[in-house]
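Hello,

Here is the structure I promised to pass on. Please open it alongside these notes; my findings follow below.

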Amino acid sequence: MKYIRQFGIILLLSFFGEILHYVIPFPIPASIYGILLLFIGLKTSIIPLAMVHETGKFLIEIMPIMFIPAAVGLLNSWQIIAPSFAQYITITILSTVVVIVISGRITQRVIRSQKGGTVHE
């Protein structure tokens, strides 16, 4: 019963994200609104972590399975993707490297600032 309640809370916030997506005219996916609502709820302690912790942990553990439908969708669209496949791969690799570099730099800055050290480029 605990897991159903926790999953219900997450679904409710996702539903509110859908409503915000409908009401707010920005090109932001509804799932982002939902995750922001969850984040704000957790940071302000409106939603205690214990209310969603176990289900959230479970959802993170099964996250790779969630990508299977998207991969099947790509395979079904192969005729459309095939002519530009090299471009897709190039952009994917470059954007991944950029994200890794930026994330690493930010992480280094945060760690150094928490240790009280100076930040050097």
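The radius of gyration used here is taken over C-alpha atoms, and the globule rule is 2.2 Å times the number of residues to the power 0.38. By that rule a compact globule of 121 residues would come out near 14 Å, but the protein chain has 19 Å. Bear in mind that this is a predicted model.

Overall layout first. The protein chain has seven helices and zero strands. Its C-alpha atoms fill a box of roughly 50 × 45 × 35 Å along the principal axes. Buried residues make up 12% of the 121 residues. Of the contacts with a separation of 6 or more, 39% join residues 24 or more positions apart.

Next, helix α2. This helix covers residues 30-43 and reaches 20 Å from its first C-alpha to its last, close to the 20 Å expected. Its buried residues are Ala30, Tyr33, Gly34, Leu38 and Gly41. Seen down the axis of α2, they fall within an arc of 140 degrees, so they line one face of the helix. Their cover includes α1 (2-23). Ser45 follows α2 and has a positive phi, near 65 degrees.

Last, Thr55 in helix α3 (residues 53-61). Thr55 is buried, with a relative accessible area of 4%. Beyond its neighbours within four places in sequence, Thr55 is in contact with Tyr3, Gln6, Phe7 and Ile10. A polar atom of the Thr55 side chain lies 3.4 Å from the backbone oxygen of Tyr3.

Best wishes

Key:
Residues numbered from 1 in each chain as written. Predicted model: local features only at pLDDT ≥ 70, side-chain atom pairs only at ≥ 80, totals over all residues. Heavy atoms only, no water. Helix = DSSP H or I, 4+ residues; strand = E, 2+ residues; numbered from the N terminus. Expected span 1.5 Å × (residues − 1). Buried < 20%, exposed > 50% of the residue type's maximum accessible area, 1.4 Å probe, protein only. Arc of directions from axis to C-beta. Contact = heavy atoms within 4.5 Å. Polar contact = N/O pair within 3.5 Å; in protein donor to acceptor, adjacent residues only side chain to side chain.
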